[in-house]
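This briefing is intended to be read alongside the sequence and the coordinates. Please keep both in view while going through the points below.

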Amino acid sequence: MKLATWNVNSIRARQERLLRWLDRERPDVLCLQELKVTDEAFPREAIEAAGYHAAVFGQKTYNGVAILSRDEPADVQRGLGDDDPQSRLVAALIDGVCIVNAYFPNGQEVGSEKWEYKLDWMRRLEAYLADRYRPSDPLVLCGDFNVARDDLDVARPHQWAGTVLCHPDAREGLEAIHRWGFLDVFREHHPEGRLYSWWDYRMLGFAQNNGLRLDHIFATETLARRCRGAEIDRDERKGDKPSDHAPVVAVFD
DNA sequence: ATGGCATAATTGTTATGA
C-alpha cells in the first residue's frame, strides 16, 4: 500500500496540481487536509474520474479533510465523536488498514484561546484512539499535525522556539499520542532529520529551505514493520501555485 | 512590534494560516 498525506491549502485552488499528482504517483490512499470546501462543493466528479473514492468531511472556508482511495473505504467516521464544529478528522478502513486522517489545530499564539483549543484537541484525539483502537491494530494516523516533533524537524530552531509549532506543551501532546503505540515512519527511515514538509510562502521560505516537518505518518508497530520507505515530495512545493505543504509518502508491503 | 504571502468570502477588507 502506497499511502500519502498532503495539506493542499484549498482543494479548489490545488485541483489541477492534485489531479496531476494522483496521475503521476497513483497512491492507494491519499489523506488531504485544508480542503476549504463544503461537502457539496468538493470536486467529487474529477476525483472519481481519476479513479478514486473520496470519504469527505468538508467545511466552508476553513479546515476540511478527506481520504481518497483506490479501494472503497468502509466504516467512515467524521470528527472525534463530540460537538466540535471544526472538520478536522476523518477515518476509514481501507484494505484492512484503519486510516485516521487528522488536521491538528495550528494554535495561532501561545496563551490564546486557539492555543488552548489545540492542546485540548490533541488530548481528545488521544482519547478517541484509546476508545476505538488498540496499539496491536494495523492503524495509520497521518496528516498535518502542526507540531515539529523535535529540533531535527526545524531548519532554524531558534526562530521557531517556543511558538505553537515547537512549544514543549504541543510537543508533549504529540508525544503522548506517539507513546500510545505509534512509530513515526518517516523518522524511522530518516533518523538524521533536517527534512521538511512545510515552508512559509513569505520571506523566500522555500528558496532558503527555511522549513519545518509538520506533516506526519504514524503507524502502529505491526504496520510500521511492513514500511519499506518514506519520502517527502519536496518537488511538489516548486513551480506555479504550490501548496505551502509538500506531500509525505510511505510504502507498506 | 509588524510585515512578508496565500486563500476564502467579497468587491475593500478581514480572518486565518504556520
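The model is predicted. In this model, 23 residues surround DNA strand B. Helix α1, which spans residues 15-25, has four named buried positions, Arg-17, Leu-18, Trp-21 and Leu-22. The structure holds zero disulfides.

**Surface around DNA strand B**

- Among the 23 residues that surround DNA strand B, the closest are Ser-10, Asn-106, Asn-146, Trp-198 and Arg-202.
- Of the atoms of DNA strand B that come within 4 Å of the protein, 61% belong to sugar and phosphate.

**Side-chain contacts to phosphate**

- In Arg-12, a polar side-chain atom lies 3.1 Å from a phosphate oxygen of DNA strand B.
- For Asn-7, the distance from an N or O atom of the side chain to a phosphate oxygen of DNA strand B is 3.4 Å.

**Helix α1**

- The buried residues of α1 are Arg-17, Leu-18, Trp-21 and Leu-22.
- Viewed down the helix axis, these buried residues of α1 fall within an arc of 130°, and therefore they line one face of the helix.
- Glu-16 and Asp-23 are exposed on the other side of α1.
- The cover over the buried residues of α1 includes the strands β1 (2-7), β2 (29-33), β4 (65-69) and β14 (248-252), together with helix α2 (44-49).
- Arg-26 follows α1 and has a positive phi, near 45°.

**Cysteines**

- A disulfide is a covalent bond between the sulfur atoms of two cysteines.
- There are zero disulfides in the structure.
- For Cys-31, the closest cysteine sulfur is that of Cys-142, at 3.4 Å, which is too far for a bond, since a disulfide requires sulfur atoms within 2.5 Å.
- Cys-31 counts as buried, because its relative accessibility is 0%.
- For Cys-98, the closest cysteine sulfur is in Cys-31, and the separation of 12 Å is too far for a bond.
- Cys-98 has 15% relative accessibility and therefore also counts as buried, the limit being under 20%.

How values were computed: Residues are numbered from 1 along each chain as its sequence is written. Chains are lettered from A and ligands numbered from 1 in the order in which they are written. This is a predicted model: local features need pLDDT of at least 70, side-chain atom pairs count only at pLDDT 80 or more; totals for chains, interfaces and linings use all residues. Side-chain values use heavy atoms; hydrogens and water are left out. A residue is near a molecule or strand if one of its heavy atoms lies within 4 Å of it. A polar contact is a pair of N or O atoms within 3.5 Å; within protein, one must be able to donate a hydrogen and the other to accept it, and residues adjacent in sequence count only if both atoms are side-chain atoms. Buried means under 20% relative accessible area, exposed over 50%, partly exposed in between (1.4 Å probe, protein chains only). Helices (H or I, at least four residues) and strands (E, at least two) are DSSP runs, numbered from the N terminus. The arc is that of the directions from the helix axis to the C-beta atoms. Contact means heavy atoms within 4.5 Å.
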